[in-house]
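This briefing accompanies a single chain and is meant to be read with the sequence and the structure side by side.

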Amino acid sequence: MEKMTYCTKCKDTVVISNAKYTRLANNRAIIEGFCSRCGDHLIKASIMPKSFTLKVGRK
Ligand SMILES: [Zn+2]
């Protein structure tokens with residue numbers, strides 16, 4: 001499934017190219033990639049995949 005987010009340059013919802021999950025130091029996961037239209041760097045706050053969440057566990 002394609003990952004999409006809002007690009008502030010295109011002022012439209014665009015497909016994130018080269019989308020990848022990145023985990024921040026505070027354990028939050030984001031999707032990072034580039035706008036498929038203008039090539040701008042995009043970051044989308046993401047809900048972690050379920051398998052990922054299970055590995056992290058809960059407090
Ligand atoms: Zn764009």
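**Overall make-up**

Of the 59 residues of the chain, 10% count as buried, and the model from which this value is computed is a predicted one. The chain has 1 helix and 4 strands, and these elements, read along the sequence, follow the pattern β-β-β-β-α.

**Contacts along the sequence**

- When contacts between residues at least 6 apart in sequence are taken as the reference set, 28% of them join residues at least 24 apart.

**K11, a loop position with positive phi**

- K11 lies in the loop that runs between strand 1, residues 4-7, and strand 2, residues 12-23.
- The phi angle of K11 is near 55°, which is a positive value in a residue other than glycine.
- K11 is exposed because 8 other C-beta atoms lie within 10 Å, and the cut-off for an exposed residue is 12 or fewer.

**N18, a strand position with positive phi**

- N18 has its place in strand 2, the strand that spans residues 12-23.
- For N18, phi is near 55°, again a positive value in a residue other than glycine.

Methods:
Residues are numbered from 1 along each chain as its sequence is written. This is a predicted model: local features need pLDDT of at least 70, side-chain atom pairs count only at pLDDT 80 or more; totals for chains, interfaces and linings use all residues. Helices (H or I, at least four residues) and strands (E, at least two) are DSSP runs, numbered from the N terminus. A residue is buried if 20 or more other C-beta atoms lie within 10 Å of its own, exposed if 12 or fewer, and partly exposed in between; C-beta atoms are placed from the backbone. Two residues are in contact if their C-beta atoms, placed from the backbone, lie within 7 Å.
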